[in-house]
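Thanks for coming, everyone. I would like to take you through one model this morning, starting with its ligand and ending with its domains.

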Amino acid sequence: MVFRQLFDPQSSTYTYLLADPASRAAVLIDPVFEQVRRDAALVEELGLKLAWTLETHVHADHVTGAWLLREKLGSRIALSKASGAEGADIFLTPHQKIPFGKRHLEALATPGHTNGCMTYVLDDKSMAFTGDALLIRGCGRTDFQQGDARTLFRSVRSRIFSLPDDCLVCPGHDYRGLTQTSVGEEKRFNPRLAESIGEGDFLGYMQHLGLAHPKQMAIAVPANLKCGRPEKTTSLDPDWAALTYTFAGIWEVQPHWLEENLRTVQIVDVREPGEFNGPLGHVAGAKLMPLGSLTDRIGELEKATPIVTVCRSGARSAQATLMLGKAGFEKVANLSGGMLRWRAQRFPVDGGVD
Ligand SMILES: N[C@@H](CCC(=O)N[C@@H](CS)C(=O)NCC(=O)O)C(=O)O
Ligand SMILES: [Fe+2]
């Protein structure tokens, strides 16, 4: 099983990537709109095909990436019928199975934080994705949307605590940086829901949480009721080149694109002079600005003309794209694979030896 836990620092949301290694079919649980580029890059770098995005519920604190991922990667959107959302491909009912390759998740209804909350349980019951029904030593609040503490108590105790004790619990958020827990651990140590605690105690606890409403609530709830489809569908991605975004957070262009567009960009070679004039040669028209001098010499570059950074392997030049981005240059990309790939693909160089 391919498994990754991804984090959105703005909303403290966890997104989970699961995939069947044989077929490469993948599922993303609770993707975040602002992290779609990152998540799509990871799916592509791991050679996966995103079959589904699943929502554990209609979130109040961030906009889902479901719609944008469907646009980018052709994934299908699923969430519970009880959510009241529109625009999904499948509206799940309790015990429905979501297949990905040879594996599947089963949707359990765990309402209480919202009406439409679902917990997704992996086929072998080794993992449960509880959304905000059960958090690590906590649980989702019940004071807005269709929140109801009594319903939440019963969902957790009957549906989640009946899973095996060693079933890993993967929550929708954690505000302290904790990552995972287990059913057995929460049955013993959850301060609100442990087996020793009664329903009345839980109701009292939940009435006095005293939390401010999520900052994004007025935007997030209506957007999530449409599976994250924005009002205006303008592209957020830069389009000045055939760009790819890496999971490492770097915009890149491939050698063939640079070769076809040599005259429309500033090529900044960040190697040392000995390398620039050495056996690998350099791309015609490249400006030599060693990485260590880039910050001091940044005034030599034009802001309006796109920049492609180059080095031996693409590592130092990736760092250069970040430095230029911080200095306010908006159209910057790294030459993927650097001079090594440029030469391997037999593109011409000035200087250098065969
Ligand atoms: N300060 C956060 C609020 C986060 C919040 O209220 N989260 C909900 C989940 S959507 C919750 O149930 N939190 C439970 C808790 O913080 O204990 C924000 O503005 O987004
Ligand atoms: Fe929530």
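Around ligand 1, counting residues with a heavy atom within 4 Å of it, we find Asp61, His113, Asp132, Cys139, Gly140, Arg141, His173, Tyr175, Arg192, Leu211, Pro214 and Lys215. This is a predicted model, in which local features need pLDDT of at least 70 and side-chain atom pairs pLDDT 80 or more, while totals for chains, interfaces and linings use all residues. Residues are numbered from 1 along each chain as its sequence is written, chains are lettered from A and ligands numbered from 1 in the order written, and side-chain values use heavy atoms, without hydrogens or water.

By class, that shell has 4 nonpolar, 3 polar and 5 charged residues, where Ala, Val, Leu, Ile, Met, Phe, Trp, Tyr, Cys and Pro count as nonpolar, Asp, Glu, Lys and Arg as charged, and the others, Gly among them, as polar.

Turning to individual atom pairs, a polar side-chain atom of Arg141 lies 2.7 Å from an oxygen atom of ligand 1, and an N or O atom in the Tyr175 side chain is 2.8 Å from a ligand nitrogen. Lys215 instead uses a backbone N or O atom, 2.9 Å from an oxygen atom of ligand 1.

Finally, the domain assignment, automatic or from a database, gives domain 1 (2–224) and domain 2 (244–344). Their C-alpha centres lie 41 Å apart, and 6 residues of domain 1 contact 4 residues of domain 2, with contact meaning heavy atoms within 4.5 Å.

Conventions:
Polar contact = N/O pair within 3.5 Å; in protein donor to acceptor, adjacent residues only side chain to side chain.
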